[in-house]
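Here are my notes on the model. Please read them beside the coordinates.

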Amino acid sequence: MLTKCGYLQSLATQKNINNEISIEDIPGGYKSFELCAKFCYGIVITLHAFNVMAVRCASEYLQMTESLEKGNLGYKIEMFLNSIVFQSWKDCMISLQCTKSLQPWAEDLNLVNACINSITFKACMDPSISPSNKANDSLFDDSTSPWNDMQVIENHGDSEDWWMEDVCELDIDLFQRVLLAIKSTGRMTPELVGKSLRIYAYRWLPGLSRNQNLMETIQRGIQGGCDDSLETLTKYKLLLETIVGLLPSEKGSTSCSFLLKLLKAANLLLVTPSTKMELVRRIGMQLEEASLNDLFIPSLSYASDSLYDVELVQCIVEHYVMHLNSPLNPYNRRMTPSGEHFDLFDKGSSKCVMHGSELRVAKLIDQYLAEIARDSNLALETFIALAELIPDSARPMHDDLYGAIDIYLKVRQYSR
C-alpha cells in the first residue's frame, strides 16, 4: 500500500511510530478503506453508484494520486465517474444522495457540483431524445442497498416533468442547488419550476394540502417543547423559507391556492417577516384566483380571540389594490391611436371600466366578510376596514356586502 498511498508513506516516515497505524477519520469508514486496500493489492473491486463517491473521497484522503503511480485509484475512479456514473440519471441521483455523509470531501473534490450539473443537463434535455435511464443497471445490486426504497423513474416517456419526483426526494439543501441550476439554464418554464416546488412542499411539509393536520403537527411541537419537536419545527421553517425563495418571479407560475397554503403554514411556523410578506405580495397579484376556503387563515394572535387572521387577509387585499392601481398593470392603462397613454380608471368619476378580476375579488371578499361576521369576537373596526378596501366601482351591486353587514349585526344582537 505504501507505493500507492502518499498519506501512508508520510506516516511511515515519521519518527516514534508504532507498528500499528490508526486511521479513524477516513471518508466512508472502514468499507472505503477496505476497497482502497484491495486495489493496492491487485484485487478486483466493484464500484457502483452506492459506493463510488465514498471510495473517491477515501482515495483522496489516502493521496492515491498519479504522482505516486500511473493509473492510481483516484484517476481510475474519475474515469469511471465521467464515463459511467455521470452518464446515467439513476446513478447520478443515488451518488448525489451519498455525498451527504462525505462532507467536506465531496464538496472539495467537486463531486456534488458534477452530479448537479449532470442532473441539470438531463432534466433540461428534450425528453424525446434523452438517453435511456436504464443504462448501467448491472453495475450494482439494488437489493442490498440502503437506498433500495428510493423511487427513481426509469422510463419517463415524453413528459417534461419526468424528473420532478426524483429531484423532490433530495434533502432541501441539495434540492435547492439542483433547482437553482435548472432555473439558471433558462430552458425550464416558470410553470414547471413552480410545479416542482409544489410537489416538494406536499412531499415534505406534513398535511400541507390538509391545513388542519399541519396546524395540529405544529401545535403539538410547540406544546411539547422538547428538543426533537423544536428541531422538527426549525426544519419545517427552513424548508418553507427556502421554497418561497425559489418561487419563480413570473405571475401565475404557481396557483394562488398553493400560495395561500404556504402562507397558512408560514403563519403557523412563524417564518421571517420578509418571507410572509413575499407570499402576501404574490397572492395579492393573483387574488382573483383564490377560493373562499383559501382565505380562512387561522389566527395565532394572543391579543385577539378571533378565529381567523383577518388582518393578514386585509394585507393581501391591500397588495391587490396596489397592484391594480400600478402603472405596470396592463389592465390599468391603454394606448390611444396616437400612442399616448390614458388612465383606464377616472379617479374623479363614478364610472370606470370594470374587469372580471375586480368583480371576482369584490364578490370573494364580500363572501369572506359574511363568514367572518359570524365570529362574535371580530372587531367592528376590522370588519369595516376590510370592507372599505374594495373600490366602490367593483361592486355594481351591494347585496353581498349588505348580507355580510346584516349577519354581523344579528350575531351581536343575539349575543347580548
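Is D366 buried or exposed? D366 is buried, at a relative accessible area of 3%. Buried means under 20% relative accessible area, exposed over 50%, and partly exposed in between (1.4 Å probe, protein chains only).

1. Basis. This is a predicted model: local features need pLDDT of at least 70, side-chain atom pairs count only at pLDDT 80 or more, and totals for chains, interfaces and linings use all residues. Residues are numbered from 1 along each chain as its sequence is written, and side-chain values use heavy atoms, with hydrogens and water left out.

2. D366 and its partner. The side chains of R395 and D366 form a salt bridge (2.8 Å, N to O); the term needs a side-chain nitrogen of Lys or Arg within 4 Å of a carboxyl oxygen of Asp or Glu. R395 sits in the loop between α17 (380–389) and α18 (399–415) and D366 in helix α16 (residues 356–372), so the pair ties together parts 29 residues apart in sequence. R395 is buried too, at 5% relative accessibility.

3. Other salt bridges. The structure holds 15. E107 pairs with R177 at 2.9 Å, N to O. E107 lies in helix α6 (residues 105–108) and R177 in helix α9, so this pair links parts 70 residues apart in sequence. E107 is partly exposed at 30% relative accessibility, and R177 is partly exposed at 28%.

4. A pair within one helix. E278 and R282 form a salt bridge, with the closest N and O atoms 2.8 Å apart. They are four residues apart in helix α14 (residues 273–285), about one helical turn. E278 is partly exposed at 23%; R282 is buried at 9%.

Technical notes
Helices (H or I, at least four residues) and strands (E, at least two) are DSSP runs, numbered from the N terminus.
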